[in-house]
Amino acid sequence: RLEADETAATRPKPAAFCLVLDRSGSMTGPPLQGAKSAAQVAIRNLRPNDLFSLVAFDDTARTLIPLQPADDREKFQRTVASIQAGDSTNLTAGWMLGRDELLKAPADHTRRVLLLSDGQLNTGIVEPAQVRQIVANGLEQGAIRTSCLGFGDRYDEDLLTALATA
């Protein structure tokens with residue numbers, strides 16, 4: 001658990017923020033609970049002029065909350081709380097669906113993905129170099145920055161680090 005002092009600084013531009021949450025079977029139990037808790041914290045810190053979207057993935061990806069103004073945080077929190085573990089891990093499909101949501105944002109918004117996952121690639125595009133290139137293209141072509149939080153005892157730190165630095 002990390003804590004920091006409050007700051008008075010404001011971001012210069014509103015954000016378009018997409019949480020991409022791994023609900024695959026390998027996230028069952030404490031990893032999924034940790035990811036959901038992290039998502040709840042992120043939602044609490046949204047500003048009224050931000051845009052928000054939520055994507056969840058297992059073997060398929062689904063947009064649970066399409067990109068919209070961040071003015072119904074309670075609804076967003078209830079949606080996160082309702083997420084249950086599923087099947088395999090198609091991380092790339094989840095990230096790409098999050099990217100597609102963020103591309104709907106106006107040009108004056110910064111675009112951010114927060115990927116909450118154990119990084120276990122086993123469905124869809126599973127070659128780490130290909131996944132990294134897709135994320136890098138998202139930055140180059142859509143100005144989408146990706147941050148990653150790893151969950152579980154066996155999360156793939158190398159993959160998640162590569163995606164965040166791409």
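User: Which exposed residues does the face of α5 turned away from its buried side carry?

Analyst: That face of α5 carries D158 and T165. Exposed means over 50% relative accessible area, buried under 20%, and partly exposed in between (1.4 Å probe, protein chains only). The model is predicted, so local features need pLDDT of at least 70, side-chain atom pairs count only at pLDDT 80 or more, and totals for chains, interfaces and linings use all residues. Residues are numbered from 1 along each chain as its sequence is written, and side-chain values use heavy atoms, with hydrogens and water left out.

User: Why are the buried residues of α5 said to line one face of the helix?

Analyst: In α5, L159, L160 and L163 are buried. Seen down the axis of α5, its buried residues fall within an arc of 95°, so they line one face. The arc is that of the directions from the helix axis to the C-beta atoms.

User: What makes α4 roughly parallel to α5?

Analyst: Helix α4 (residues 128–142) and helix α5 (residues 157–165) pack at an angle of about 25°. Angles under 35 degrees count as roughly parallel, and therefore α4 is roughly parallel to α5. Their axes are 8 Å apart.

User: Which residues make the contact between α4 and α5?

Analyst: Contact means heavy atoms within 4.5 Å. P128, V131, R132 and V135 of α4 meet L159, A162 and L163 of α5.

User: Why is A143 called partly exposed?

Analyst: The relative accessible area of A143 is 46%, and therefore A143 is partly exposed. A143 lies in the loop between α4 and β5.

How values were computed. Axes fitted to C-alpha atoms, helices over the stretch in contact; angles between N-to-C directions. Helix = DSSP H or I, 4+ residues; strand = E, 2+ residues; numbered from the N terminus. Parallel < 35°, antiparallel > 145°, perpendicular 65-115°, else oblique.
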